[in-house]
Structure formats: structure tokens, C-alpha cells
Amino acid sequence: MTTSAPFEREDGLTLKFTGWIVGGITWVSAAIFGLYIIAFYGGAVQIGQPERWNEHLPALFDPASPSTVIAIGVHFVAGTILLLAGPVQLIPHIRNTYPAIHRWLGRTYVGAGFISGLGGLAFILMRGTIGGLPMNIGFGLYGALMILASVETYRHAAARRLEQHRAWAIRLFALAIGSWLYRMEYGLWFALTDPIGHTKTFDGWFDIVMSFFFYVPNLIVAELLIRGRNIQTNTMWHLFCTGILTLSTVFVAIGTYFFTTQFWGPQILAWLRTQ
Ligand code: HEM
């Protein structure tokens, strides 16, 4: 069919445009989450009331155990860096035009990935999560994968194995947005259900599913992206991807609205008023 080429070009543009929209809204949303961490957890330290860390989850700050406080605190700082820096690394224009920025931000990014994974794992080993064994396993595996992806991303970049570096960087990014996605998925669930399957101690059936669901699907999408790179695409495939990206945009918009109006926004505003 001689008419397919212009259609495919249009589909490709629509797909690219939808990709930019979902990427942009994800970054804004993740940045609001990062700002919330600075405002709430950083703000509590700033006013000398670190015990406020326990307002949402009960055992994050325990003066009797400085090592667990340091582990989770360091993981907060590294996590915030990951949320803010990740999308910059994926912008092709910056990668190609300013390679020095890509390299330095990349080192910071993999360092933050490694430290957030290590800090989270240390906290689990010393204290355990609120949800008990299933959450310990889910979050423990998440931390271990984060450490592995950080090391591999750096190792392949240093050895100039760019194809492997790219693949591991995509996996690392997919993992890093998991902690943000965890809140988005809870936000959507809370908005749509009562919430069913959730308990205050995070051991309901939904909580158990969520101990894995915030990073396993992202990793599957990452694998599809990595492997699908060389597959010949067509109009149907572009339409399918555009549909998925549009649904993702709606999902992220609802989750961000819920979390920003109910949790992050009020905490950020309260902190800003004290500055
Ligand atoms: C982008 C990376 C990350 C960010 C931004 C982040 C952020 C946070 C925040 C803000 C909390 C406090 C709870 C809340 O206010 O929602 C938390 C708790 C926690 N995070 Fe992370 N995190 C990240 C990565 C990780 C990783 C890689 C692990 C690895 C194991 C991890 C393990 C934990 C654990 C165990 C808790 C405490 C849960 C409990 O008390 O039961 N986090 N994280």
C-alpha cells in the first residue's frame, strides 16, 4: 500500500507527542512528591522535631536506634535526587548536546539509586516494614534490584558497552519511579474504592499485592521497550502504544490530583509558610 507511509509518520508523531505529555506530567508529579519529602521529612528535622516522621508511618524515627534513622534518612535524600534527576537523563537532546551534564548527572543518579536501595534494605534488616513478611520480601527485592541496576548501569557505561548501559539505565529508571508509582496506585485505589483490601498495618490483600505491584509491571514494560527496539513497528502498534500512553496520562493525572490535594500539597504549603 503506497498510502501507508504518511499515516505511519502521523501516527509516529502522535505517539511521540503522547509520550512527551505522559513524560512531562510524570516528572511534575514525581517532583511534587520530591518536594513533599523535602517539606515534610526535611522540614521536621529543620524545626528540631524529627519524631514527626512517625505521623504517617509509625516507626521511621526511633531515637533509641540511630542507625535505622540514618538508613531511612539517607534513603529519603537519595530518593528525592532520583525523582528529580531521572527524567533529565532520558532527554535525548541533553544526552547528545551536553554529554558532560549527562555523565555527571548519571553518576549522581546511579549513586543515588545505590544509596536509596542500600538505605531501604538496611532499614528493613534492622527494623522491618510496617506490613511484615510479604512487605519485607517485596521491598527487600526492590532494594536489591535497585542496587543491581545502579551497579550495572554504571559498569557498562564505564566500559563503553552502550547497548547494555542503555538497557540497564531503562531498568533503573523503571525501578526508581516505582516508589512514586506506589503512591499513585494507592491514590487511585483510595479514590475508586473504600479502600478495599487495605489496613492501617499494610497487611490487607491489596497491600500484599502492592508490595510487588509498584515495580514488577514497570520492569515488564522496560523489558518490552528494551527488546522491542529493533522490531518493525506499524500503524496498529503505534495506535496501541498511543492508547496505553493516553490511559497512563489519565491515571497519573488522577493519582497526582488525589495525592497533591489530600497529602503532599497541604504539607508543602505548611512548610513554605514557615520559611
Ligand atoms: C525514588 C526512590 C525512593 C523514594 C523517593 C522513597 C521515598 C520514601 C518515603 C517518602 C517513605 C516514607 C513513607 C511516606 O511518607 O510515604 C519511604 C519509606 C520506606 N522506603 Fe522508600 N523511597 C525510595 C526508594 C526505596 C528503596 C529502593 C527501598 C528499598 C528497600 C525503599 C524502602 C523503604 C522502606 C522499607 C520504607 C519504610 C516502610 C515502613 O515503615 O514500613 N525505598 N520511602
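## Conventions

Helices are DSSP runs of H or I with at least four residues, and strands are runs of E with at least two, numbered from the N terminus. The structure is a predicted model, in which local features need pLDDT of at least 70 and side-chain atom pairs count only at pLDDT 80 or more, while totals for chains, interfaces and linings use all residues. Residues are numbered from 1 along each chain as its sequence is written, and side-chain values use heavy atoms, with hydrogens and water left out.

## The nonpolar surface patch

Ile-70, Val-74, Phe-114, Ile-115, Leu-118 and Val-151 make up a nonpolar patch on the surface, and together they have about 470 Å² of accessible area. Two or more residues of the nonpolar patch come from each of helix 2 and helix 4 (99–126), and helix 4 contributes the most, with three residues. Patches are built from residues with over 30% relative accessible area and no salt bridge, where like charges are joined within 9 Å and nonpolar side chains (Val, Leu, Ile, Met, Phe, Trp, Tyr) within 5 Å. The areas come from the Shrake-Rupley method with a 1.4 Å probe, and for residues only the protein chains shown count as cover.

Val-151 belongs to helix 5 (residues 133–158), and this residue is partly exposed, at a relative accessible area of 36%. In this scheme buried means under 20% relative accessible area and exposed over 50%, with partly exposed in between (1.4 Å probe, protein chains only).

## The ligand and its iron atom

The iron atom of the ligand has a single donor from the protein, namely NE2 of His-75, at 2.0 Å. Donors are N, O and S atoms within 2.8 Å of the metal (3.2 Å for Na, K and Ca), and water is not among the atoms, so sites may look incomplete. His-75 sits in helix 2 (residues 66–90), and a polar side-chain atom of His-75 also lies 2.8 Å from a nitrogen atom of the ligand.

Around the ligand there are 28 residues, of which the closest are Tyr-41, His-75, Ile-130, Phe-139 and Arg-183; a residue counts as near if one of its heavy atoms lies within 4 Å. Arg-183 places a polar side-chain atom 2.8 Å from an oxygen atom of the ligand, whereas for Ile-130 a polar backbone atom is 2.6 Å from a ligand oxygen atom.

## Salt bridges

Four salt bridges are found in a search of the whole structure, each defined by a side-chain nitrogen of Lys or Arg within 4 Å of a carboxyl oxygen of Asp or Glu. One of them joins the side chains of Arg-52 and Glu-55 (2.8 Å, N to O); Arg-52 is partly exposed at 27% relative accessible area, and Glu-55 is partly exposed at 48%.

Another salt bridge pairs Asp-62 with Arg-127, with the closest N and O atoms 2.8 Å apart. This pair links distant parts of the chain, 65 residues apart, since Asp-62 is in the loop between helix 1 (4–46) and helix 2, and Arg-127 is in the loop between helix 4 and helix 5. The side chains of Arg-171 and Glu-223 also meet in a salt bridge (2.6 Å, N to O), and this pair too links distant parts of the chain, with Arg-171 in helix 6 (residues 162–176) and Glu-223 in helix 9 (residues 216–228), 52 residues apart. Arg-171 counts as buried, at 14% relative accessibility, whereas Arg-127 counts as partly exposed, at 29%.

Terms used: Polar contact = N/O pair within 3.5 Å; in protein donor to acceptor, adjacent residues only side chain to side chain.
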